[in-house]
Amino acid sequence: MTATTPTDVRSVQGGPRLAHTARLSFGGILRSEWIKLRSLRSTVWSYLIVAAISIGMAVLMSFSLANGMSGIDVSAAPPAEQTGLVLQSAVFGTYFGQLVAGVLGVLVISGEYTTGMIRSTLSAVPKRLPALAGKAVVLFLATLVVGIVTNLAAFGIAAAIFAGSGVQVSLFAEHVLLTLGGAALYLALVAVFALGIGTIIRSSAGGIAAVLGILLLLPTVLGLIPADWAGAAMPYLLSSAGMTMFTTIGADPATIPGPNAWQSLLVVLAWLAVSLAGAAVLLKRRDA
């Protein structure tokens, strides 16, 4: 009579346990998304373009204002106005940089749908929402850092140009760091907003068109409508609120036609929340 070898139950049960423990932690998701973000050529080029636009616009604005082309004698202006002119020059490029940040935000997710990599991403993160959160966190932090470094460089160049006209402005003057940081924060928020739009539309062309339409076309359309409601709605648009959140820091509330800087930040966050909420719902419901 031959003896039968009992089945090793532990080897059978070990499979599911190993599969369970092999799932990515959120830290692993962040590392994975960081590798993907920095390996994209579009990321490098987008951030280089943001830096070039910000610094280039700072140079143009500074030379124009410092040399009196705007009709302002900057050397005779009060110190607060001099600081404002330097800051205006330093953050002027943010208006154009937001477009590049928006394009990058769309490409971060739409590129995965185009190449089919999204299936691998969602297979590694079956719950899906942590993958979206990981992309948002990495994109936000990367864009924020690039924005801060770029704005500091733009301010340094602008201050040096204004110094040639007898204007001395310190980086640590009142509201300077807050304004520069606010401009960088807005760029990062726009990038994450665009990520949500790209997740919803899942197309590079469609997502970019939608984001640029919201940032550029919508304010233009409302500005052409001769109605009170259109004028009242203008400060609550994403780009309008975004500009207000850092250009009006420290300004007299009576001079601001609409929400102040902090209220405008809440408006931008509301746009962001709607974008990410729609992206989360559709990411859970739709197939890859």
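At least two lining residues come from each of helix 2 (26–39), helix 5 (94–115) and helix 7 (129–163), and of the contributing elements helix 5 gives the most, with five residues. Sorted by class, the lining of the second largest pocket divides into seven nonpolar, three polar and four charged residues.

Within helix 2, the residues Gly28, Ile29, Glu33, Lys36 and Leu37 are buried. The buried residues of helix 2 pack against helix 3 (41–66), helix 5, helix 6 and helix 7.

The structure holds one cavity of 30 Å³ or more, and about 40 Å³ of space lies in the largest cavity. The residues that line this cavity are Ile109, Ile118, Thr121, Leu122, Arg128, Ala131, Leu132, Lys135 and Leu283, and the elements that give two or more residues to the lining are helix 6 (117–124) and helix 7. Six of the lining residues of the largest cavity are nonpolar, one is polar and two are charged.

Elsewhere in the model, what volume does the largest pocket have? About 440 Å³ of space lies in it. The largest pocket is lined by 18 residues, and Gly84, Leu87, Thr179, Thr247 and Ile249 lie nearest its centre. Two or more residues of that lining come from each of helix 4 (79–91) and helix 11 (238–247), with helix 4 giving the most, six residues. The class make-up of the lining of the largest pocket is ten nonpolar, seven polar and one charged residues.

Helix 11 also holds Thr244. Is Thr244 buried or exposed? Since buried means under 20% relative accessible area, Thr244, with a relative accessible area of 18%, is buried. Leaving aside residues up to four places away in sequence, Thr244 touches Ile256, Pro259, Asn260, Ala261 and Ser264.

It remains to ask how much confidence the predictor attaches to the parts of the model. The chain averages a pLDDT of 88, and 91% of the residues score at least 70. Among the elements of the chain, helix 8 (residues 176–201) has the highest mean pLDDT, 97, whereas helix 1 (residues 9–21) has the lowest, 42. Over residues 1–21 the pLDDT is below 50, and beyond near neighbours in sequence this stretch has two contacts in the model. Where pLDDT is low, the predicted coordinates should not be read in detail.

Technical notes:
Residues numbered from 1 in each chain as written. Predicted model: local features only at pLDDT ≥ 70, side-chain atom pairs only at ≥ 80, totals over all residues. Heavy atoms only, no water. pLDDT = per-residue confidence, 0-100. Helix = DSSP H or I, 4+ residues; strand = E, 2+ residues; numbered from the N terminus. Contact = heavy atoms within 4.5 Å. 1 Å grid on protein atoms, 1.4 Å probe; cavity = no way out; pocket = protein on both sides within 12 Å on 5 of 7 lines; lining within 4 Å. Points joined across faces, edges and corners; volume = space filled by probe spheres on them. Nonpolar A, V, L, I, M, F, W, Y, C, P; charged D, E, K, R; others polar. Buried < 20%, exposed > 50% of the residue type's maximum accessible area, 1.4 Å probe, protein only.
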